[in-house]
Amino acid sequence: MLTTTSPVLSDGTKVSDLIYPATREVQMRVLSDREIYELEMEKIFGKIWVLLGHESEIPNSGDFIVRDMGSDSVIAARGKEGEVFVSLNVCPHRGMRISTADCGNTQIHKCIYHGWAFRPNGDFIGSPIERECMHGKMTPKEELGLKKARVTLYGGLIFATWNVDGPSFEDFLGDAKWYYDMLFCRSDKGMEVLGPPQRFIVNANWKTAGEQSAADGFHTLTLHRWLGEVGNYAKKGEGEGEGTDLSPEMIGVEISSPHGHALRCIDLARKIKRLTGLDPATLSVEEKLNALPPAGMTRDMVEQLARNLSEDQLRVLTSMPPQVGGMFPNILFGFVYIPQPDGSVVGSMTLHAYVPQGPDKLEFVNWIFAEKDAPPELREKMLKQTIQLFGTSGMVEQDDSDTWPHMTQSAKGAMGRKSTLKYQACFETGAPEGWPGPGIVNEGFTKDDTQWHWWQYWHELMTASDEK
């Protein structure tokens with residue numbers, strides 16, 4: 001547990017007073033206040049592990065991408081030995097950005113202002129006209145490199161933190177890693193991006209999207225109601241009563257983490273029964289895998305699962321797998337099954353990051369993945385259908401990105417900023433009998449617990465002492 005203190009805003013309000021634990025409420029001003037935003041950049045994005053991309057975006061020595069860690073631009077670059085380095089994209093000479101491009105390949109990153117040059121690992125090479133020593137003699141050359149972040153790769157995903165002496169990435173994931181491994185570490189070769197990520201700007205505070213990513217299932221019934229009514233998504237003929245009822249999709253297992261990570265595990269029984277005509281309860285793990293491979297995999301690939309996952313993980317993967325959820329603070333993942341006209345399904349593997357660009361602006365970044373050894377025809381289908389559903393103009397994202405600006409605007413009103421976000425639908429169930437996985441586990445109809453735990457960790461970080 002972090003040592004707590006409470007920053008005080010300019011109007012005298014303590015940050016700790018913005019959340020009401022007894023009634024599970026959060027003051028709406030947190031969705032628009034610039035002082036709070038600046039504190040978040042230091043206390044959250046300046047301290048924890050932040051997603052920047054995937055290593056398949058920079059496969060070769062010298063490849064680099066430019067991304068944001070909170071309010072700071074960084075360069076993620078591939079070194080000659082295959083290492084991935086992350087450096088602050090700020091020249092230590094006059095503060096100019098080292099790279100003004102989004103991506104590229106170079107062994108020397110040179111500032112256009114005064115020509116200071118740096119290696120992909122951030123080390124300082126020198127300044128022009130070496131005999132004149134234009135970088136001076138007051139500071140040793142080895143201290144003139146770019147500020148370096150601590151880096152880790154997880155399932156090929158690139159994470160970095162400025163907190164070089166802080167918790168490990170495994171500690172940050174905690175119990176949630178057991179479930180994430182089923183998505184990102186399940187195959188022999190791993191996954192790769194299907195092209196560069198899609199990116200666009202939404203005029204909304206990053207937390208409007210971030211807290212929804214903490215496994216908010218309930219909005220699917222209302223904001224995404226069409227999922228039960230339109231074309232291949234319609235629920236008619238599945239024995240759920242009214243045909244357009246999405247309620248069965250809201251029943252499953254939800255996992256929370258003290259670090260704000262969250263997962264929604266959704267029952268595969270109906271899909272397997274529809275595909276096989278058999279009762280899933282009578283099928284073995286192997287038979288269920290062959291009937292419905294994990295999203296993004298083929299039957300030929302399922303044998304890899306046993307080499308990478310435990311028996312308990314396979315049991316969950318074939319019955320109640322994690323399909324949607326998020327990593328704190330600003331990541332959403334979707335490993336879902338998209339129904340096809342012939343009754344089959346195509347898996348979708350997508351990852352969103354909601355990158356802060358100010359108190360009322362975020363950059364929506366969308367990566368689409370496939371397993372490296374997935375056949376070309378599957379990759380093509382996955383790319384096309386994921387873009388249509390979860391891309392920057394996808395049907396689901398058109399719904400979601402319409403709500404976030406309204407929430408942000410509401411939080412600016414004289415009365416609105418004093419209103420509260422409420423997370424008062426609480427689980428009273430606990431884990432299903434025999435559930436093998438760790439974490440804060442509950443079963444039944446989706447509730448607010450996962451999002452409330454997201455806010456609890458936000459509060460913990462925002463009120464933590466800056467002392468190490």
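The model is predicted, so local features need pLDDT of at least 70 and side-chain atom pairs count only at pLDDT 80 or more, while totals for chains, interfaces and linings use all residues. Residues are numbered from 1 along each chain as its sequence is written, and side-chain values use heavy atoms, with hydrogens and water left out.

The protein contains 11 helices and 22 strands; these are DSSP runs, with helices (H or I) of at least four residues and strands (E) of at least two. Its radius of gyration, taken over C-alpha atoms, is 23 Å, close to the 23 Å that the globule rule gives for 468 residues, so the protein is as compact as a globular protein of that length. That rule is 2.2 Å times the number of residues to the power 0.38.

Of the 468 residues, 54% are buried, where buried means under 20% relative accessible area with a 1.4 Å probe, counting protein chains only.

The structure also holds 23 aromatic pairs. Rings of Phe, Tyr and Trp (its six-membered ring) pair if their centres lie within 6.5 Å; planes under 30 degrees apart count as stacked, over 60 as edge-to-face and the rest as tilted. Phe118 and Phe124 form a tilted pair, with 5.6 Å centre to centre and 55° between the planes, and both residues are buried. The ring centres of Trp454 and Trp455 are 4.9 Å apart and their planes stand at 80°, so this pair is edge-to-face. Trp454 is buried, with a relative accessible area of 1%, and Trp455 is buried at 0%.

Technical notes:
Buried < 20%, exposed > 50% of the residue type's maximum accessible area, 1.4 Å probe, protein only.
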